Each structure stands twice: as structure tokens, then as C-alpha cells.
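Have a look at the sequence and the model, then read on.

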Number of protein chains: 2
Amino acid sequence: MDILALNCGSSSVKYQLFDWDKKVVVAKGMVERVVIGDSFILHEVPGRETYREDSDCPDHKTAVDLILRTLTSPTHGVLRDIKQIAAVGHRVVHGGEKFTKSVLIDDEVLAAVTEVQHLAPLHNPPNIAGIEGAMAVLPGVPQVAIFDTAFHQTMPEHAYLYPLPYEWYEKYGVRRYGFHGTSHLYVSKRIAAILGKPANQCNVITMHIGNGVSHCAIKNGVSVDTSMGLTPLEGAMMGTRCGDIDPAIPAFMMQKENLSAKEIDSILNKKSGVIGITGRFTDRRDVIENANDGDRLCSLALDIEAYRLKKYIGTYMAVVGRLDAVVFTAGVGEMGAPIRERAIAGLEHLGIVLDKERNASAMTRKRETLITTDDSPVKVYVIPTDEELVFTEDVAAILNGTYTDHMNFEYSFSRPDFVRK
Amino acid sequence: MDILALNCGSSSVKYQLFDWDKKVVVAKGMVERVVIGDSFILHEVPGRETYREDSDCPDHKTAVDLILRTLTSPTHGVLRDIKQIAAVGHRVVHGGEKFTKSVLIDDEVLAAVTEVQHLAPLHNPPNIAGIEGAMAVLPGVPQVAIFDTAFHQTMPEHAYLYPLPYEWYEKYGVRRYGFHGTSHLYVSKRIAAILGKPANQCNVITMHIGNGVSHCAIKNGVSVDTSMGLTPLEGAMMGTRCGDIDPAIPAFMMQKENLSAKEIDSILNKKSGVIGITGRFTDRRDVIENANDGDRLCSLALDIEAYRLKKYIGTYMAVVGRLDAVVFTAGVGEMGAPIRERAIAGLEHLGIVLDKERNASAMTRKRETLITTDDSPVKVYVIPTDEELVFTEDVAAILNGTYTDHMNFEYSFSRPDFVRK
Ligand SMILES: Nc1ncnc2c1ncn2[C@@H]1O[C@H](COP(=O)(O)OP(=O)(O)O)[C@@H](O)[C@H]1O
Ligand SMILES: Nc1ncnc2c1ncn2[C@@H]1O[C@H](COP(=O)(O)OP(=O)(O)O)[C@@H](O)[C@H]1O
């Protein structure tokens, strides 16, 4: 049985085909420039050269069609028959308050996702277009929605409500939702397995640091707070997003530079964070390299980023109580040793004692590595994330009728003997 | 020698007359409804009934004139001769990056305060009007500016810069400034005296919780971070201000409700925070009372407020390193025992062990009280603030030529034998 995972953005569709029986990724790739014109597919099969085909995709349905055509192509494909696809898993960014776990998509679910699309106007509409496209192209094949927000629905009210007019919550759903749920879920299960404790007895802080960055306070195995909010703009400094700032700044700058609400939103989301400070880079490799070469603004960007990570570690230590471990994950979390070092240095009084050599050696997206000293009361681990695995296991479990929710369902990766492929 | 302290708001002028030799407040009061019409003065002299006089004050100069007339009135006054006023101290909200301490006002200073008034358009203009008014009415009398922001100018760059386009900092001065400086200064000197350590060896977190709320991370006696930012809107949940929220929310709500930048700013500053959640109250006494009577939203407001205080304690523990003490001050900090209890409860793993009885008994604006257990590694104190004393001592020291800056000048209240009057 093969499972197709789809991740539809406004102008792209990413896909991955997973062979559930062999537990391997058979093919993956992306259709770029969907809707906007000059679209093409990049199709990767392990052991083969990447295949590119230009093909017009005026909408997401055509893109899904192109993906299926490529997957079943006699020359470039990997499937003999489209019927091998047993189910499709769709990444859905915003599940609002309705979705606390992955679900089989039916009309009711589709309506509910549509209902909360005003909360993620850039993300949910293409997610919905992708679902509808896949339903049309693969009729009768079960479609499953996996939400970025679902993992965080365990947050208590005092953590998710903002000190804003309460009717904004009632009328528009203005509250903290949080994102990167599958990643926080994955690494929180892995760290429990590594610590040799049941997940529901672990208190951990998970730091997902990629282009998007979010942190999560996990108490007894469930999310009790997270740094992203109503949207993915809140929290840490990111590649292009500002994260936490004085909420007076948007209106202040709109008045100074005569900007519309859309324009300020775009600057805060696309021209801030690391690129805002450096003026040039979002990729932390460039920032680290140029900082090492003496570029003042790159150095400053690293200082600000690491300082803000450090602050969140403190914040969530106050939230979770007795802390078992901190986990770094995603591109920067897994590879950015200098950023981790600056973030963790000086936290000895809180029980975190960095092992500089271990930290420096942890620069891989494959290995799970302890980066604190053996006698550090709180352990810090680098754990490569695997959102696709959460995805695929949710889909398979829903198909098999074994799925419950992340607290009760036993993922393969929550077992101590799990070996990453 | 008498010192007059003035605090000019957009439609009010507060004053206090201090007898420097006797070290007592001789009179204090407020002119209300300045500029907007129907203005009147409320004048308080210890041991007398409050005196009220209606008198039109179309501008701040007339208000200062009314204050001086009242202070020297044969029937209601306290001064024989206006010449007894040796100096005037003005509270100035925003000193930008130019002012790191209190200063004698001359044309250059006035120009510099005017230059940064775009950062505090509601506050600096009336402050300036008050200074000009007092200069006109009391020619030749030294006028001193005491800034809300000055104490925080020791923050390092990585703490005060936002992850925003760097040119916003260069062009408009968009950065964290922080406020409530005189209050954080006062309680940080007091806690050092109480701990019996030189201030420059103390690491403390000061929590000023009044109508406005700000926290400060103080390392080796100086501010290294603070929760208010470019404006007083950032940070904790306040009486009417939201504090930290997703920075996407202003633009989101502007689009939902078709609001202008000014309108959203006004809602975030005046209709959010405690009044936003409860819909009715800003005064925490009302909130606590109604929560005790079972009002769900009041209970929720307390939970959110306390939870956010707890998070900041954790944040700043990560910032300052080894922590000596946490200090609660201002109206809610001094009187709001149930809020303090909820904020501190559950921080034992961070070395903070609340003594519930001590905390419950600390409900006074007069006494300095330890509210942790004797063996709590980190001490928590309630310390009544005294911004006016900082004010007056700065003015007197500038007059006497003994003033340096808060690190080197020895305030009366930084001495262990200081007794509060
Ligand atoms: N060697 C490295 N050092 C520091 N950062 C790295 C390194 N390699 C990759 N990264 C960072 O990882 C980021 C991508 O993270 P990733 O989690 O893959 O992205 P996304 O958030 O888009 O899923 C890149 O922008 C880059 O900054
Ligand atoms: N007994 C009390 N319990 C809780 N809060 C109190 C109590 N007394 C006063 N307060 C709070 O103190 C606030 C005023 O604080 P204060 O520092 O005097 O104000 P400001 O910030 O305007 O200087 C009031 O709004 C009220 O919420």
C-alpha cells in the first residue's frame, strides 16, 4: 500500500509517495509556479536523476493531475497503477479549534476547514484546492487532513487567549493556535523514547528552528503553550518574519510610511527577521559565514536570534515545571551549532550545561545527539524532525482504524527500538 | 529649599511640592481637564481638607500658573513666597537614545526632547508644554528633566533591537526603550540594600504592576532588558493595554473591522488587557472580588495576567543568570496578593518557594515584605515604589552638583539604614 502526501501552497504543490509495507519513500518532488504560469514539476526518485517537465498548471487540480501522471509514467514513474495509492494525506495549515487530531476528509470536514480559512487566508485556500483537486482526480481514494495546529489544541485557556477584547475571540477566533504541530509531536515522542520514559511523564521544550521557527512547552506529553499564535508571525525571530515585537509598531510604521494593512503585514512576514537585520540573508549558513568574516549586521542577527531563543527557554521553564529536556530540531536547530551554542550558553544556573564539543559535532540531519554534559541536570538533544513520518502513520492508522489521537496512538517512532531510515 | 515635581499629561498636570530640608511632602495635587475645558485644581495639604477650585486652563502654562497661585495662596497655600521653589523636576516620558540620566533643561535639551516626540506623540508634547509653561512662569528657576526611559539605556543591542527592517531603527528610532525607569531604579536600589549587597553585584527581576505594567531584568545593578518596548504597549497584560500579542493581529483586525491605524492603536491601548477580557474592569480589586464571586471572565483575566507574569519571571531568569531576588511593586504588585500568588506558585523548580501566609499579609503600600520562605534560594520581596523620591533626589543632586548617574550616585534609599517616611 502506498500513501501520497500532498502539501499545497499558494503556487506550489509538494508531494511524497511512501511505500507503507517497505517503509520507504518511493518518490518525492514539487510542482512549482502553479496558478501563476510557467509551471514545472521536479520529480525525485532515489537512485535516479531529478526529472523536470514543464507543463501548464492553471490550478491545483491540474498540478495534482501532473503529479499522478508523473508517478505513473512508464519512463519516469514509480507506480504501475494509480490504484496502488491507498490514501492521500493533505497538510492543512489551520484547523482552528475544530480539529484536535488528523481526520478522514468528508464534506463536513471540508466545510469546517473552509470555515476557518479566514484565519489563514494564504494557506487554507490552496490546501482546500489541493484536497478538491485530489478528490476529483482520485475519486474513492480516502483523503486525510493533517493539521499544523492540531497538536496544540491541548493548551489551556489562559495560554491561548490574548489580552484583547474578548469578542474578537468569539467573533473572529482571535487566539493562539500554534503551528508546526507534527514536528513538535515527532520530536516530543522521540525524546521520551530516548529518555526511556512514557511520553505522558515527560516535560520538554521543543525548539523547531527552520525558516519558520516555533517553540513548544510540553508538559506530561502535551502542548501547554507555543510561541506561534493566531498566525505563524508570532514568537521567535525567523528567516523573514519578525516574531515578537511591540504590537504598537505596525500602526506606528503604517503612519510613518503610509502603508496599508496588507503592506505592513507583508513587511513583517517577508522582510523582517534575519533578512530585516542583515539586509541580505535568510539562510543562517550565510549569516554565520559572514559573521565569522566580520560583518557587523550578520553578527548582530545571530546575537538577536540566539538571545530570543534563550529567553524562550526561560519562559517555558517557568511554564512546564520540572524540565526533562530541551530539543532542537529543523534546519537551524539540527545544523546551526553556533546558534545553539549562543542560545544555551549561560544557562547553567537553570541546570543546562552545554558540552561545546558535542554541540559542535552535532551538524547532521540524521543523528540524534546529546549536546549537554553527562551531569547536566537538564538534557539538551538535537533530534532531526520527520513530519512526513507523522503524516504517513496518521494516514495509515486512520485507514486501518487504529488511530486515536497523539496521546494514545502508539507511533513507530515512540518505541525505544525505533531506527530512523 | 522646596522642589516642585510636575507630571504633565495631555489633559492633566500632577504636582508635588517637597521640602528638601525637612524631607517631607508639603502639598500635592492635580489640575484636571486642562486644554479640554471645565478645568479645576484638586489641592491636598497633609492635615487639611482637599481644596478644589474651578479655573479655566486652556493650556499647560495656565495650569502651572494655577498651581503656583494655589501654592502661594494666603488661604489655601503652603508657601509664603514663590522664591522658596528652588527647582522644578519634570517627568518626561520619552528620552529616546539621547538621555541616559536626568538632566538640567536648557535649549539644547528641549530641542532633543522635541526631536524624539514622534516616539511618544501623546506624552512628550504635553511634557514639553509643561516645561515651557514652567519656564515662563518661573523664569530663572532651574528645570530638570527626569526620563521614564533613561534607566533602560544600559540594555545591550541584542536586547533592544527588534527583528525588523534595520532601516526602521536608523530612520525612525524603532527599538525597545522601556519605561517606568524611576520605579525600577528605586526598587532595585532598595532590594540591594535589603540583601546587604552592593547594587552592582545584584541580579534581580523587578515587576512594576500598576495600571501600566513593566518588568525589568537587572544584572549587576543595571537594566539589561525590559518588557515595554518602543511604546508602553508591549509586555505584560495591563489594565487597558494588551501587552504581547501576535504582531499580525493589528493588521488582521483592521481588515476585519475596517479600522484605521489610529483606531486599532486606540483599542490595543485602551480597550484591551484586563478590561478587554472582563469587559468591565481595570481595577484588579474589582476583578479579584468578582472572580471570588464566580465571574468566569474575571477569573480568566486573573489567570491570564498571572500566567504572563510567571512567563516573564522565567524569561528574565534566563537573561540575568544567577538570580538574587524578584521584586513586586506598584499598585497591583504591592496590594494584589492573589495575583502574586498565582504568578509565583509552581516555580519551586526554579528556586522560588512562596510563603503563602507572608504573601497574603503583604497588602500595604508602606512595608517592605519578604514573601518567600526562609530557605527559598531566590527571595521574592514586595517593595512599595517611590518614584517621587528618585525625582526629588535627582533634582536636588543636580542643583548641588553631586549628581552623576544612577550607578554612581548614592541615593538616600540605597543606604541600608534608610527609613521610609
Ligand atoms: N549548516 C547549517 N548551519 C546553519 N543553518 C543551516 C545549515 N543548514 C541549513 N540551515 C538552515 O535551515 C534552514 C531551513 O530549515 P528547514 O527546517 O529545512 O526549512 P523549513 O522551515 O522551510 O522546513 C535554512 O534556511 C538554513 O538557514
Ligand atoms: N487591594 C488591591 N488589590 C489588587 N490590586 C490593587 C489593590 N489596590 C490597588 N490595586 C491596583 O493598583 C492599580 C493602580 O496601581 P498604581 O501603581 O497606583 O497605578 P499607576 O500605574 O496608575 O501608577 C489599580 O488599578 C488597582 O488595580
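Helix 12 of chain B gives the largest share of the shell around ligand 2, with 4 residues. Please keep in mind that this is a predicted model.

**The shell around ligand 2**
- In total, 15 residues surround ligand 2, and the closest are B:Asn211, B:Asp283, B:Arg284, B:Gly331 and B:Arg365.
- Sorted by class, the shell around ligand 2 holds 6 polar, 5 nonpolar and 4 charged residues.

**Polar contacts of ligand 2**
- A polar backbone atom of B:Asn211 sits 2.8 Å from an oxygen atom of ligand 2.
- For B:Gly331, a backbone N or O atom is 2.9 Å from an oxygen atom of ligand 2.
- B:Arg365 uses its side chain: an N or O atom there lies 3.0 Å from an oxygen atom of ligand 2.

**Cover and contributing elements**
- Ligand 2 taken alone exposes 580 Å², and the protein buries 75% of that.
- In chain B, helix 10 (284-292) and helix 12 (330-335) are the elements that give two or more residues to the shell around ligand 2.

**A loop residue in chain A**
- A:Ala345 is found in the loop that runs between helix 13 (337-344) and helix 14 (356-361) of chain A.
- Along the chain, A:Ala345 and A:Asp107 are 238 residues apart, and their C-alpha atoms are separated by 51 Å.

Terms used. Residues are numbered from 1 along each chain as its sequence is written. Chains are lettered from A and ligands numbered from 1 in the order in which they are written. This is a predicted model: local features need pLDDT of at least 70, side-chain atom pairs count only at pLDDT 80 or more; totals for chains, interfaces and linings use all residues. Side-chain values use heavy atoms; hydrogens and water are left out. A residue is near a molecule or strand if one of its heavy atoms lies within 4 Å of it. A polar contact is a pair of N or O atoms within 3.5 Å; within protein, one must be able to donate a hydrogen and the other to accept it, and residues adjacent in sequence count only if both atoms are side-chain atoms. Accessible areas come from the Shrake-Rupley method with a 1.4 Å probe; for residues, only the protein chains shown count as cover. Ala, Val, Leu, Ile, Met, Phe, Trp, Tyr, Cys and Pro count as nonpolar, Asp, Glu, Lys and Arg as charged, and the others, Gly among them, as polar.
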